[in-house]
Amino acid sequence: MTTVSAYESNEHSSISTYFQMDDSWKLRTGKGVSVAVIDSGIDVSHADLQGKVKESVEARADNKRVVFDKSDTGDSAGHGTACAGIISRIAPDAEFYSIKVLGAGGLGDGIAFLAGLEYAVKNRYQIINLSLGTTKPQFFAPLHDLLDRAYQAGCVVVAAANNLPQPSYPSVFSSSLISVSKHEDADPFNFGFRYGEVIELTAPGVYIRTAWLNNSYKSLTGNSFACPHIVGIIALLLEKYPVLTPFQVKSALYAIAQEKQERNMANESNEEDKLSE
Amino acid sequence: MSDDEIKNLEIKLRSIVETIDVANALTAPLTLSIENLLRISAAEINSEEASVIVRDGDAGDLRFLSAIGKVAEHLKTLKIPSGKGIAGFVFSSGQPMALADVGAEDTFYAEVDKQTGYSTQTILATPLRHDGEIIGVLEYINRIGEPPFEPFTSAEMDKVALFAEAIASLVNAYESAKLFRDLGDKMLSADEKLKLEEMRKWIKDLRETNEHKEMIDLALIVRELAGRGDAERQMCKGILESVLQYSDTKTETSFLSF
């Protein structure tokens with residue numbers, strides 16, 4: 001076990017020993033872990049997702065409020081199905097909860113999305129996949145408040161970064177959620193952690209082949225598709241270590257990425273040594 | 001109609017036509033600039049089919065504001081129903097997205113392809129934002145040359161995000177100017193007392209008067225000056241206000257009455 005002084009002396013590698021983790025979590029399947037997908041709905045009939053979606057709800061405007069009804073309209077765009085497909089490949093036994101906020105008629109950008117997040121936190125789903133965001137400044141404060149509530153309720157919120165020049169919410173709130181941008185590497189276990197950056201996690205997000213409408217598959221690129229990779233990884237971790245808090249989940253991701261990076265560096269220097277011999 | 005009513009109607013019509021013409025004079029260079037930027041950005045990512053898609057009404061439907069490429073003219077006549085297709089998703093989610101294999105699942109483009117004989121294979125779509133608000137979608141289709149087309153890369157997605165910022169400012173300016181035009185159109189069509197033929201002739205005569213042409217020129221000069229910076233804007237405002245004050249003391253004020 002590491003000491004605080006070792007951490008302060010900037011030996012980040014030693015933080016991984018706090019968890020004393022081995023690689024056995026990688027063999028888990030996300031069994032019993034609840035995952036909310038706040039998106040365009042999920043096509044429950046897709047071969048990759050049959051029997052995995054425990055509940056589907058849909059946002060509806062009701063006298064200036066947003067309410068959620070049971071939904072059988074599936075996915076309006078394909079995007080929610082794509083995200084669920086990615087999570088399911090990594091964590092095939094995770095339990096999905098579809099919260100449809102896109103394509104819900106008459107609801108403005110941001111309002112339904114905020115209500116969907118509140119619904120997921122109230123239901124205390126363990127992981128919340130947010131492959132969307134808003135840049136509207138008026139949502140800054142309510143989203144911040146909602147993410148604090150998620151953090152206190154023990155819900156791990158994972159959000160896709162925006163690749164536009166403006167900040168998007170909630171992906172820039174680095175303290176209480178995990179934000180993800182895409183990288184080219186296709187191995188889901190090979191995610192990156194850029195400590196100190198606004199968007200800390202990187203995961204596969206370039207031409208990811210995943211489920212789409214009408215029982216088909218598509219190759220998709222975007223931060224939207226990097227986010228569910230990290231959700232899948234967290235589902236495995238939470239099955240193995242069900243008591244992890246959102247803070248510990250983030251620290252575990254950091255430790256795993258750090259350890260892997262050091263191993264890679266050690267391998268590289270070994271190879272260089274061999275070459276110079 | 002009494003003489004007074006006719007006089008009032010004439011004043012009203014004159015102001016409507018002036019509004020429409022100023023709006024047209026302002027929107028025309030904007031649409032041209034949007035198209036130019038579309039062309040430049042498409043060339044940057046080795047594509048030649050590009051479009052700017054904007055909101056159409058309050059129900060979340062979308063329409064093509066501008067398009068370049070083989071099916072551009074056809075696209076401009078079409079609407080995308082709320083939430084449909086890649087553009088619908090990008091518009092409602094605010095997340096950029098690229099697809100390597102469009103196929104029949106994108107029902108909107110499947111229908112367009114059927115009508116035009118074109119084959120949509122790969123798409124890159126990114127949201128257009130202004131002041132935090134999503135105002136449209138910037139979309140590129142296929143590559144230059146023959147299929148099969150290389151999918152758009154992650155780096156190209158980041159590159160067009162920068163063009164999207166510039167295009168979004170132009171689209172926002174266009175939409176603001178268009179509001180005036182729509183307002184003018186609505187005011188004209190609402191007045192049932194007017195005979196359309198007579199009105200057209202009246203509008204044509206009005207447009208040909210020197211006074212009207214000068215007014216449009218003046219609007220363009222003001223717009224040009226206003227775009228040059230804060231100092232120019234302040235100076236222009238100061239000069240125009242002085243002229244107004246001066247003319248208020250005179251009986252003849254029509255040259256600045258718009």
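What share of the contacts in chain B with a separation of 6 or more comes from residues 24 or more positions apart? Such residues account for 62% of them, two residues being in contact if their C-beta atoms, placed from the backbone, lie within 7 Å.

The model is predicted: local features need pLDDT of at least 70, side-chain atom pairs count only at pLDDT 80 or more, and totals for chains, interfaces and linings use all residues. Residues are numbered from 1 along each chain as its sequence is written, and chains are lettered from A and ligands numbered from 1 in the order in which they are written.

**View 1. The open sheet of chain A.** Nine strands form an open sheet in chain A, in the order 3-2-4-1-5-6-7-9-8 and with mixed pairing. Strands (E, at least two residues) and helices (H or I, at least four) are DSSP runs numbered from the N terminus, and two strands pair if DSSP finds at least two bridges between them. Strand 3 (65-70) and strand 8 (192-193) of chain A are at the edges with a single partner strand each, so one side of each has no neighbour in the sheet. Helix 2 (residues 79-90) of chain A packs on the sheet and touches strand 1 (34-39), strand 4 (95-100) and strand 5 (127-130) of chain A.

**View 2. Strand 6 of chain A and its partners.** Strand 6 (residues 156-160) runs parallel to strand 7 (residues 178-183) of chain A, joined by three bridges, and A:Ala160 stands opposite A:Val180 of strand 7. Four bridges join strand 5 of chain A to strand 6, also in parallel, with A:Leu130 opposite A:Ala159. Between strands 5 and 6 of chain A the chain passes through helix 4 (residues 140-153) in a right-handed β-α-β crossover; that is, with the strands pointing away from the viewer, the path from the first strand over the helix to the second runs clockwise.

**View 3. Side chains of strand 6 of chain A.** In a regular strand the side chains alternate between the two faces of the sheet. A:Val156, A:Val158 and A:Ala160 point one way, A:Val157 and A:Ala159 the other, and all are buried (20 or more other C-beta atoms within 10 Å of the residue's own, C-beta atoms being placed from the backbone).

**View 4. Helices 7 and 8 of chain B.** Helix 7 (residues 210-226) and helix 8 (residues 230-248) of chain B pack at about 145 degrees, with axes 8 Å apart. Axes are lines fitted to C-alpha atoms, for helices over the stretch in contact, and angles run from 0 to 180 degrees between N-to-C directions. B:Val222, B:Leu225 and B:Ala226 of helix 7 meet B:Glu232, B:Arg233 and B:Cys236 of helix 8.

Notes: A residue is buried if 20 or more other C-beta atoms lie within 10 Å of its own, exposed if 12 or fewer, and partly exposed in between; C-beta atoms are placed from the backbone.
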